[in-house]
Amino acid sequence: MSVETENQTRLYGVCDYYDAESLLTADERSVLGRLRAFLDEKARPLLAEYWERGEFPEQLTRPLIDLDLMEPAELTGAPGAERNPARGIYQGFRIFELARTDASLATFYTAQAGLFRTAIRVGASAQQQAEWMPKVIDFSLKGVFSLTEPDSGSDIAGGLSTTARRDPDGHGWVLDGAKRWIGGASTADVLAVFARDVADGQVKAFLVEREAAGVTLEKIHGKTALRMMQNAHITLDGVRVPESMRLHNVNSFRDVAAMLKAMRSDVAWIATGIQAGAFEAALRYVTERRQFGRQLGSFQLVQEKLARMLGNVTASLSLVVRLTEQQAKGIYRDQDSALAKMQTSLLMRETVALAREVVGGNGITLATDVARFHADAEAVYSYEGTHEINALIIGRALTGESAFTR
């Protein structure tokens with residue numbers, strides 16, 4: 001095979017992004033190539049219009065689900081047979097591919113494949129998992145992770161104000177409170193709601209039907225990032241939930257924290273993918289645009305910025321790949337996922353800013369793709385743990401002293 005032919009069959013181009021090809025099997029590359037083709041041919045042409053409208057392109061939802069990306073048969077075994085889960089490194093690059101096209105697409109898919117699936121995997125009993133997990137994987141049970149509240153974000157561990165109390169008949173629960181910034185809630189079947197039990201003060205979790213009596217959803221308007229992603233403000237007013245819909249393995253915030261450390265890893269992959277998308281968009285632009293009678297990419301200062309962007313992408317991939325390899329061995333530590341989320345998000349902010357710089361005035365228009373990445377990065381920088389909170393998690397592990405305010 002010639003070098004030219006080999007390059008045409010590879011998923012990743014310039015400097016090969018930390019030799020990503022060697023980390024993936026041929027079947028994994030095939031599935032990711034299927035996703036890449038869908039994103040390039042079907043999704044990308046819609047993104048600028050729907051981002052500006054602040055609407056999600058719902059016509060992409062079913063085709064994206066039908067790609068069978070969560071546990072694809074060619075990676076996990078024939079349907080109906082005993083199947084092994086897809087490797088973590090494949091799942092990471094699936095997030096990476098989505099995010100290098102659009103942050104809202106990545107957030108939408110990861111809301112199901114990451115957040116909601118993790119809530120079931122960690123929080124549900126074995127019996128509940130047997131019933132629900134197949135439906136999560138094929139999207140016949142769509143759900144969202146509903147933790148953040150209007151007045152509590154980083155301090156949610158101590159500030160959770162949504163309450164759960166036993167129904168007077170003793171067969172279920174009654175929920176009251178509010179949740180905010182819940183992405184994808186308007187199209188979910190159930191909301192995984194976290195509430196504080198008034199009896200013991202501990203956190204419990206419940207699957208609440210989106211259309212249950214007492215549930216009200218309002219779309220959050222006026223966002224300047226993740227405009228396609230539909231975030232909701234949810235009000236819960238005397239919502240009744242049967243005991244069978246309580247996640248039986250969630251009995252304290254410690255159980256929620258176990259979910260969060262896994263989900264920060266997904267966000268680190270999103271931050272890395274956004275960097276790759278911004279870098280690639282900037283590189284396309286500077287190789288096509290001419291200034292002062294020369295290709296824009298021929299100028300020294302532009303090349304220096306391109307090199308820094310690629311360095312950031314490669315460094316971020318090194319972090320998330322190593323974290324994923326560690327977790328594949330069963331090693332899940334708060335400080336590891338916090339470090340990956342903190343550092344990739346920090347580098348993401350610099351990378352999208354450098355992309356904006358080299359594209360110039362056109363970098364604030366949606367035509368070059370750079371503006372979407374530049375704006376959407378701000379949402380990713382904050383969610384699943386701000387820079388400061390993740391830094392304090394790392395600091396606590398380093399020193400043995402907690403600097404969190406009490």
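On a 1 Å grid over the protein atoms alone, a cavity is a set of points where a 1.4 Å probe fits but cannot get out. A pocket is an open set with protein on both sides within 12 Å along at least five of seven lines, and lining residues have an atom within 4 Å of a point. Grid points are joined across faces, edges and corners; a volume is the space filled by probe spheres set on the points. The model is predicted, so local features need pLDDT of at least 70 and side-chain atom pairs count only at pLDDT 80 or more, while totals for chains, interfaces and linings use all residues. Residues are numbered from 1 along each chain as its sequence is written, and side-chain values use heavy atoms, with hydrogens and water left out.

By this rule, one cavity of 30 Å³ or more is found. The volume of the largest cavity is about 40 Å³. Its lining consists of R44, R100, G277, E280, A281, R284, D369 and F373. Five of these residues are charged, two are nonpolar and one is polar. Here Ala, Val, Leu, Ile, Met, Phe, Trp, Tyr, Cys and Pro count as nonpolar, Asp, Glu, Lys and Arg as charged, and the others, Gly among them, as polar. Helix α10 gives the most to this lining, with four residues. Helices are DSSP runs of H or I of at least four residues, numbered from the N terminus.

The second largest pocket holds about 890 Å³ of space. It is lined by 39 residues, of which E71, A86, Q91, A113 and R117 are the closest to its centre. Elements that give two or more residues to the lining are α4, α6, α7, α8 (126–137), α10 and α11. Of the elements, α7 gives the most, with seven residues. By class, the lining of this pocket has 17 nonpolar, twelve polar and ten charged residues.

In soluble globular proteins, nonpolar side chains tend to be buried together. A nonpolar core is defined as a set of buried Ala, Val, Leu, Ile, Met, Phe, Trp, Tyr and Cys residues joined through side-chain atoms within 4.5 Å. Buried means under 20% relative accessible area, exposed over 50%, and partly exposed in between (1.4 Å probe, protein chains only). The largest nonpolar core has 75 residues; L64, F93, Y109, W269 and I274 touch the most other members. Two or more residues of this core come from each of α3, α4 (61–66), α6, α7 (103–123), α10 (253–288), α11 (300–328), α12 (334–359) and α13 (370–382). The most come from α10, with 13 residues. Apart from this core lies another, of 25 residues, among them L115, V190, V203 and V250.

Contact means heavy atoms within 4.5 Å. Neighbours within four places in sequence aside, L64 is in contact with L35, F38, L69, L98, F108 and Y109. M263 lies in helix α10 and is buried, at 0% relative accessible area. The C-alpha atoms of M263 and L75, 188 residues apart along the chain, are separated by 22 Å.

Helix α6 (residues 88–101) has 14 residues, which at 1.5 Å a residue should span 20 Å; its end C-alpha atoms are 20 Å apart, in agreement. The expected span is 1.5 Å times one less than the number of residues. Twelve of the 14 residues of α6 are buried, including I89, Y90, F93 and R100. F96 is in α6 and counts as buried, at 0% relative accessibility. In helix α3 (residues 26–53), S30 is partly exposed, with a relative accessible area of 44%. Its C-alpha atom and that of E74, 44 residues apart along the chain, are separated by 9.4 Å.

Helix α12 has 26 residues and reaches 38 Å from its first C-alpha to its last, close to the 38 Å expected. G360 follows α12, with a positive phi near 70 degrees. D369 is in the loop between α12 and α13. Its phi is near 75 degrees, a positive value in a residue other than glycine. D369 counts as buried, at 12% relative accessibility. E384, in the loop between α13 and α14 (387–399), has a positive phi near 55 degrees and is likewise a residue other than glycine.
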